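This report concerns a ligand site, an aromatic pair and some backbone features. The sequence and the model are shown first.

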Amino acid sequence: MQFTAKSCAAEQHSTELAIVGVRPEQPLSNDAKLLDDASNGLISAVIKSGDFKAGNGETLLLQTPSSEAKRVLLVGAGEKDDSASLKKALSAMADAALNANAPEATLFIDELLGDEYDAERAEMVAHAFIYNGYRFDDHKSEPKAPSKLEHIVLSVKASELELMDAALNEGAIIASGVNVARTLANEPGNVVTPVYLSARAQEMAEVNDKLTTKVLGMEEMEALGMGAFISVAKGSVIPGQLIVMEYRNGQADDAPYALVGKGITFDTGGISLKPGAGMDEMKFDMGGAACVFGTLEAVIDMELPINLICVVAAAENMPAGNASKPGDIVKTMSGQTVEILNTDAEGRLVLCDALTYTIENYHPRAVVDIATLTGACVIALGHHASGLYSNDDDLADDLLSSGEEMGDRAWRMPLWDEYQPQLNTNFADMANIGGKEAGSVTAACFLSRFVGDTPWAHLDIAGSAWVSGAKKGATGRPVKLLADWLRKAS
Ligand code: BES
Ligand code: MN
Ligand code: ZN
């Protein structure tokens with residue numbers, strides 16, 4: 001899909017589909033008036049008749065044979081002007097346009113975006129089309145035909161042409177990164193394995209000269225003393241992979257940013273086996289890793305002038321004769337020992353060694369890990385926010401505001417010392433679980449023991465990475481948050 005900003009005269013502009021924003025009880029915008037005149041008053045007539053009330057997200061497709069616009073799609077803004085209403089209106093608009101069987105559409109939607117809208121709102125336009133146009137049906141024998149819509153023109157003020165054109169394109173890049181993450185996460189566990197992810201990382205490096213990929217296999221991890229990572233991966237016939245992608249486009253001596261993703265390509269729970277119902281959703285347990293890939297694609301396409309280390313801790317958590325057992329004690333790369341009281345708390349075990357490796361080798365200026373870490377986070381926050389934990393207030397604030405601005409919100413959770421003793425055990429430096437209270441917090445406390453003073457944040461995306469039910473599928477969250485954070489940091 002291609003996006004262009006243009007300053008168009010609505011009545012003269014020839015298009016397959018003119019999309020027009022309308023506010024309830026408000027006079028038509030200038031563009032809408034021009035289109036209304038060009039189509040013999042059809043728009044004002046359907047509004048007057050009450051057939052179109054311009055409610056938030058309401059759409060109506062009209063044939064307008066007499067005008068330069070072959071058809072007009074009316075989109076209701078609703079009464080409110082907040083970002084949730086805008087998101088809803090844009091999403092409904094995108095759905096209707098994608099289904100309209102038109103190869104091209106021109107948008108006259110100041111009524112939706114507001115008179116003095118900023119670049120971020122133009123980005124939301126591109127995002128709506130790319131996000132809603134996404135399909136995951138490669139595994140269906142008869143996939144639905146994709147939408148014909150290829151080219152989208154946003155009509156803007158002449159003075160803002162460049163700004164809005166750039167915003168549309170950057171919005172499209174980030175939304176494509178979101179869809180990369182969705183596809184990786186939607187693919188089943190028998191397709192996306194740890195080895196699949198490392199192959200994918202190698203391929204990315206082959207086509208991008210600013211990217212190099214290195215993969216550590218089981219023996220290399222063993223040699224580095226990553227006993228925690230190994231304890232998870234060893235129960236699977238597919239070897240665990242620590243995937244390290246280095247994007248270098250900043251000054252050579254600039255300390256890099258680092259992203260570390262939980263890449264459990266399937267989480268059965270291991271010997272602490274999960275119940276059967278809904279277990280298929282544990283293919284999404286590499287949602288953090290998927291977002292690392294998606295964010296990296298966006299960073300590459302935006303050509304951000306930064307150095308960025310992307311680490312993916314990829315393993316399959318399986319029950320097996322040689323799998324870890326409750327009570328097993330392992331030594332992490334940091335030297336700290338862990339008693340594995342529950343093999344289903346595996347995410348923190350792969351992440352702790354991945355964090356140590358990243359910090360020791362790259363001394364990042366900030367490291368953010370992204371993980372579908374705890375069911376407890378879903379209980380705490382539901383599906384609307386990712387849980388954010390950090391040892392650094394500035395980093396936390398930057399991430400929170402990126403999430404807020406991009407409509408990909410996170411909510412800060414406490415990481416107080418008072419929670420740490422829940423990880424105590426008689427038999428090792430710490431246990432890998434902290435009891436039933438504050439399970440998301442104690443998981444973050446566990447990780448905090450492996451980052452020292454490095455500015456670090458942890459995003460628990462257990463509730464935000466995918467949706468269940470009839471629309472089951474990966475959301476690609478929090479790629480938007482991360483991509484925005486990195487572009488602002490650069
Ligand atoms: N991948 C799960 C977390 C999860 C569960 C995410 C449900 C989304 C939905 C993680 O590995 C896990 O199993 N965590 C356990 C931790 C517990 C054993 C302390 C959990 O949350 O139950
Ligand atoms: Mn688990
Ligand atoms: Zn897991």
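The sections below describe these topics in turn.

## Basis of the model

The model is predicted: local features need pLDDT of at least 70, side-chain atom pairs count only at pLDDT 80 or more, and totals for chains, interfaces and linings use all residues. Residues are numbered from 1 along each chain as its sequence is written, chains are lettered from A and ligands numbered from 1 in the order in which they are written, and side-chain values use heavy atoms, with hydrogens and water left out.

## Surroundings of ligand 1

Ligand 1 is surrounded by 16 residues, a residue being counted if one of its heavy atoms lies within 4 Å. The closest are Lys274, Asp285, Asp344, Glu346 and Gly375. By class, the shell has seven charged residues, five nonpolar and four polar; Asp, Glu, Lys and Arg count as charged, Ala, Val, Leu, Ile, Met, Phe, Trp, Tyr, Cys and Pro as nonpolar, and the others, Gly among them, as polar.

An oxygen atom of ligand 1 is 2.8 Å from a side-chain N or O atom of Asp344, and an oxygen atom of the ligand is likewise 2.8 Å from a side-chain N or O atom of Glu346. A nitrogen atom of ligand 1 is 3.5 Å from a polar backbone atom of Leu373. The protein covers 77% of the 510 Å² of accessible area that ligand 1 has on its own (Shrake-Rupley method, 1.4 Å probe).

## Aromatic pairs

The structure holds five aromatic pairs, defined by ring centres within 6.5 Å. One of them joins Tyr257 and Trp485, with 5.4 Å centre to centre and 85 degrees between the planes; this pair is edge-to-face, the class for planes over 60 degrees apart. Tyr257 lies in strand β9 (residues 257–267) and Trp485 in helix α15 (residues 479–489), so the pair ties together parts that are 228 residues apart in sequence. Helices (H or I, at least four residues) and strands (E, at least two) are DSSP runs, numbered from the N terminus.

## Backbone features

Most residues other than glycine have a negative phi, and most peptide bonds are trans. The peptide bond from Arg477 to Pro478 is cis, with omega near 5 degrees; Pro478 is placed in the loop between β19 (473–474) and α15.

Asn101 has a positive phi, near 65 degrees, and belongs to the loop between α3 (83–98) and β5 (104–108). His363 has a positive phi near 40 degrees, and its place is in the loop between α11 (347–362) and β13 (366–371).

Technical notes: A polar contact is a pair of N or O atoms within 3.5 Å; within protein, one must be able to donate a hydrogen and the other to accept it, and residues adjacent in sequence count only if both atoms are side-chain atoms. Rings of Phe, Tyr and Trp (its six-membered ring) pair if their centres lie within 6.5 Å; planes under 30 degrees apart count as stacked, over 60 as edge-to-face and the rest as tilted.
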